Amino acid sequence: MATEVDTLVIGAGPTGLGAAKRLNQLNLSSWLLVDANQEAGGLASTDVTDEGFLFDVGGHVIFSHYAYFDDVLNEALPEKDDWYEHQRVSYVRSRNVWVPYPFQNNISVLPTEDQVKCIEGMVDAAEARFRASAPPKTFDEWILRMMGEGLADLFMRPYNYKVWAVPTTHMQCKWLGERVAAPNLKLVISNTLNKKVAGNWGPNATFRFPARDGTGGIWKAVAKTLPQDRLKYGKKVVKVNAEGHTAELDDGTTIKYKNLVSTMGLDYLVNNLEGIDDATVTQMQTAAKERLVYSSTHVIGIGIRGELPNRIGDKCWLYFPEDDCPFYRATIFSNYSPNNCPQSSVKLPTLQYADPATGTPSSDAKEGPYWSLMMEVSESHLKPVNNETLLADTIRGCVNTQLLLPDSEIVSTYHRKFTPGYPTPSLERDSALQEILPALADRFNIFSRGRFGSWKYEVGNQDHSFMLGVEAVDRALFGSNEMTLESPDFVNGRRNTERRLAH
Ligand SMILES: Cc1cc2nc3c(=O)[nH]c(=O)nc-3n(C[C@H](O)[C@H](O)[C@H](O)COP(=O)(O)OP(=O)(O)OC[C@H]3O[C@@H](n4cnc5c(N)ncnc54)[C@H](O)[C@@H]3O)c2cc1C
């Protein structure tokens, strides 16, 4: 016999939990959440190595735009000692020096010939902006118009290729909003002549991180605030019948719903839709296949014995545009919480020196202290990665970029590939979303939302995802506008103070 609910939520990542939180807050009882995994978190999860080092799915930092999101996190982890507060200390590795972030405002630390190229490019860009009669069409055009050829070649093009695994010419630029700082030419010139660097910029200048259990700990704690009998883990949805309003699970059971909030990948959803006329399904499937682009993310973690070196200090995360390492970003994950590493008293053997040519370490287990690095590498069909050698290549890259020294003692390693990892803001993304999302919602009460449910990177962080779930429920039940889905620039440009305590 099929289970019947008013609202079915698929996925216990931040989006699905946002939907569930809202349903619960509205005192509704006819809802259910299913997830294929055994626990909550989705991509906002944390793994632990055998040696006791924690690694998130890449550098996860919370920079909330929403009071409602903050309320929910504070409810889930209410104690002062549940969190560490951090100042962002972030650099770009370029020409063998650390350039403070944002790169474009701090070229004063680069060699003179690079400073000249960057400033010449910025002057050309200012002129091009003045003459332009139409907005830029691609990310590459945007880069040239905002920053010029010098910064494009030194940082923006190579760095973004390493992040997105597609050339910047394949990407649109509407998604950028507040994320990339436009350089202030006067400031850049005066900083360069005065050999000064500019201060912090952007919405994530400070951030907080959970003291225990990594980012995944947040979402497990949020899940605990919900009625446990409505959360069903280890249940994968294999088919959705749109007209029949039913979801079929891999154990052969079905769930009938009035409204569906799906946080599965939109491509997976449309490929497993039935109960719609063939032409419509084929059109959706073709749009998804041809116009929705993603990349995979490899996360490589390294646990190291020794005091945190001075060259690393209080750095949080670091960007790597050059080809002396495979990763685009490294996070000093032990700086986020001491509990991301085993305690000093734990005895571990050295697995290898960072440069194996240094010799063979003793197999004796020794005490810490320990610290850790977490690197991210993208992969796509346009940017293949040798999965077999990636761990060794990453460790070599850490030595090349002085994150590690040749004789650094590695005591734990971690490598996992997440597919998909990043939803690419491709040139044709918006036309595909426009064809698929409204049709699903208006005709079939299927609200496909979330990092890959609605495929919009610009509203694909944890706070956005959570609110996509909240707002999808409000749309389904009350017909409210979905600000996060519909107006990314609006929600990213301000703090959203609405608390939704009572409807
Ligand atoms: C490398 C990387 C770095 C990031 N950095 C940050 C950051 O610094 N700050 C930040 O705020 N965010 C960051 N994010 C984004 C963050 O992870 C996402 O916002 C969030 O995880 C998206 O939540 P979601 O619920 O939409 O999707 P997901 O987290 O992907 O969750 C989807 C859930 O649906 C389940 N599911 C899928 N298919 C099925 C099915 N067929 N049946 C049943 N269940 C299914 C999955 O098991 C999963 O639990 C980062 C992400 C990555 C990959």
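Biologist: Which helices and strands each supply at least two residues of the shell around the ligand?

Modeller: Please bear in mind that this is a predicted model. The shell around the ligand holds 33 residues, of which Thr15, Asp35, Leu43, His60 and Val61 come nearest. The elements that each supply at least two shell residues are helix H1 (14-25), strand S21 (409-424) and helix H11 (462-478).

Biologist: Between which domains does the ligand lie?

Modeller: Residues of the shell come from domain 1 (3-45 + 59-81 + 212-292 + 426-492) and also from domain 3 (295-424). Because both contribute to the shell, the ligand lies between domain 1 and domain 3.

Biologist: How many nonpolar, polar and charged residues does the shell around the ligand have?

Modeller: The shell consists of 33 residues. Divided by class, these are eleven nonpolar, 16 polar and six charged residues.

Biologist: What percentage of the accessible area of the ligand does the protein cover?

Modeller: On its own, the ligand has 1,000 Å² of accessible area.

Biologist: Does the chain as a whole agree or disagree with a compact globule in its radius of gyration?

Modeller: The chain has 13 helices and 22 strands, and its C-alpha trace spans about 70 × 65 × 40 Å along the principal axes. For 503 residues, a compact globule would have a radius of gyration near 23 Å. The chain has 24 Å, so the two values agree.

Biologist: How many residues of helix H6 are buried?

Modeller: Across the chain, 56% of the 503 residues count as buried. Helix H6 (residues 214-224) is largely enclosed by the rest of the structure, because most of its residues are buried. Among them are Gly214, Trp219 and Val222. Of the eleven residues of H6, the number buried is nine.

Biologist: Where are the prolines of the cis peptide bonds Tyr101 to Pro102 and Thr419 to Pro420 placed?

Modeller: The bond joining tyrosine 101 and proline 102 has an omega of about 0 degrees, and the bond from threonine 419 to proline 420 has an omega near -5 degrees. Proline 102 is in the loop between strand S7 (97-100) and helix H3 (112-131). Proline 420 lies in strand S21.

Biologist: Is asparagine 27 buried or exposed?

Modeller: Asparagine 27 is in the loop between H1 and strand S2 (31-35), and its phi is positive, near 65 degrees. Its relative accessibility is 69%, and the cut-off for an exposed residue is over 50%. Asparagine 27 therefore counts as exposed.

Biologist: Is histidine 245 buried or exposed?

Modeller: Histidine 245 is found in the loop between strand S10 (237-241) and strand S11 (246-249), with a positive phi of about 55 degrees. Its relative accessibility is 18%, and a buried residue has under 20%. Histidine 245 therefore counts as buried.

Definitions and conventions: Residues numbered from 1 in each chain as written. Predicted model: local features only at pLDDT ≥ 70, side-chain atom pairs only at ≥ 80, totals over all residues. Heavy atoms only, no water. Near = heavy atom within 4 Å. Areas by Shrake-Rupley, 256 points an atom, 1.4 Å probe, with all protein chains shown as cover. Helix = DSSP H or I, 4+ residues; strand = E, 2+ residues; numbered from the N terminus. Nonpolar A, V, L, I, M, F, W, Y, C, P; charged D, E, K, R; others polar. Domains from an automatic or database assignment. Rg over C-alpha atoms; globule rule 2.2 N^0.38 Å. Buried < 20%, exposed > 50% of the residue type's maximum accessible area, 1.4 Å probe, protein only.
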